[in-house]
Amino acid sequence: MLLGPALTVSAILFALGVAGVLLRRNAIVIFMCVELMLNAVNLTFIALAQQLGVAGHVFVFFVMAVAAAEAAVGLAIILAIYRHQETVNLQDIHLLKG
Amino acid sequence: MTATVVLFWVFAGIALVSAALCISRRSPLASALWLVVTLFALSAVYVALDAQFIGILQVLVYAGAIMVLFLFVIMLLNLGRGGPSDLKGPAGLAIAALLGGALFVQLRALPGAGPPALIRLPEGTMAALQEQQGMVQTVARPLFSDYLIPFEITSILLLAAVVGAVVLAKRKL
C-alpha cells in the first residue's frame with residue numbers, strides 16, 4: 001500500500017544523489033552522494049519486496065556488502081591521491097590532461 | 001491513515017530534507033553528518049515497509065561502519081574546517097538541477113501501479129511469512145539456500161577489498 005510513495009521517495013533521493021555528484025567538487029562528498037544513490041536503490045528493493053517476495057531483502061544485503069567494500073577501496077584511493085596531490089578537489093586533479 | 005503511513009511520511013520527509021542538506025552544505029563534515037541523519041531516517045522507513053531486520057542492518061552497517069569510515073578519512077585529511085566552497089557556480093547548479101530533475105521525471109514516468117499482477121504475491125504474504133518464521137529467518141533462509149553462492153562470492157569480494165585498501169593506503173609495502 002506504500003509502494004507508490006516509497007518509489008517516489010526513492011526517485012527523489014536518487015535524483016538528489018545525481019545532482020550532488022554533478023554539483024560538488026570534493027571527492028569525498030561526491031562519494032557520499034554515491035552512497036545516497038545506493039540507498040535510494042535499496043529503498044526501491046525494500047518497497048518492491050512487499051509484493052515480490054523476500055529476494056528484495058536478500059539483494060539489499062548484497063548491496064550493503066558491496067557498498068562497504070566500495071567505501072573501503074574508494075577512500076583508500078582518495079587517501080593515495082591526497083598524498084600525491086595534497087588536494088581532494090577534483091578540479092585540481094587533472095593527470096589525464098595532456 | 002494508519003500510524004505506519006504517518007510514520008513513513010514523517011521519516012521519508014526527514015530523509016529527503018537531510019539528503020538535500022547533505023549535498024548543499026559547504027563543509028564535508030556537515031555533509032557527512034546530514035548523510036548519517038538520512039541513513040537513520042531511511043532505516044525507520046524500512047521498518048515502516050516491513051523490513052525490520054534490514055532496518056537494523058542499515059543502522060549497524062551504514063550509519064555505524066561506513067559513515068565512521070567517511071568521518072575518519074575527513075579527520076585524517078583535515079577537511080573539517082570548511083574552507084573555500086567546493087560547490088560549482090550557477091552554471092553547475094543549473095546543470096545539476098536540470099539533469100537531476102530530468103532523471104526524476106523519467107523515474108516517475110515508470111508505471112506507478114507496481115509490478116504486474118501475474119508475478120505479484122497475494123496481499124499479506126510477506127507479513128504471514130515473517131509472522132511464521134521470524135524477521136531474521138525470513139532473510140537468512142533464502143540467503144543460505146538459494147543465494148548461497150552469491151553469499152560466498154561476497155565474502156571473497158570483502159577479502160579483496162580489505163587487501164586492496166591496505167595496499168592502496170600503505171605508503172611502502
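Into which domains is chain B divided? In this predicted model, chain B splits into domain 1, spanning 1-82, and domain 2, spanning 124-173. The C-alpha centres of these two domains of chain B are 21 Å apart.

Chain A contains three helices and zero strands. Its pattern along the sequence is α-α-α. The radius of gyration of chain A is 17 Å, whereas the globule rule gives 13 Å for 98 residues. The value is well over that figure, so chain A is more spread out than a compact globule. Along the principal axes, the C-alpha atoms of chain A occupy a box of roughly 50 × 25 × 20 Å.

Two of these helices pack against each other. Helix α1 of chain A covers residues 3-23, and helix α2 of chain A covers residues 27-52. Their axes come within 8 Å and cross at roughly 165°. An angle over 145 degrees counts as roughly antiparallel, and α1(A) is therefore roughly antiparallel to α2(A). The crossing of the pair is left-handed.

Residues from both helices form the contact. On the α1(A) side, they include Leu3(A), Leu7(A), Leu13(A), Phe14(A) and Val21(A). Gly17(A) and Gly20(A) are also among the α1(A) residues that meet α2(A). On the α2(A) side, the contact includes Ile30(A), Cys33(A), Met37(A), Ala40(A) and Leu43(A). Asn39(A), Thr44(A), Gln50(A) and Gln51(A) likewise belong to the α2(A) side. By class, the contact of α1(A) with α2(A) comprises 17 nonpolar and seven polar residues. It has no charged residues.

Conventions: Residues numbered from 1 in each chain as written. Chains lettered and ligands numbered in written order. Predicted model: local features only at pLDDT ≥ 70, side-chain atom pairs only at ≥ 80, totals over all residues. Axes fitted to C-alpha atoms, helices over the stretch in contact; angles between N-to-C directions. Helix = DSSP H or I, 4+ residues; strand = E, 2+ residues; numbered from the N terminus. Parallel < 35°, antiparallel > 145°, perpendicular 65-115°, else oblique. Left-handed = near helix turned anticlockwise from the far one by under 90°. Contact = placed C-beta atoms within 7 Å. Nonpolar A, V, L, I, M, F, W, Y, C, P; charged D, E, K, R; others polar. Domains from an automatic or database assignment. Rg over C-alpha atoms; globule rule 2.2 N^0.38 Å.
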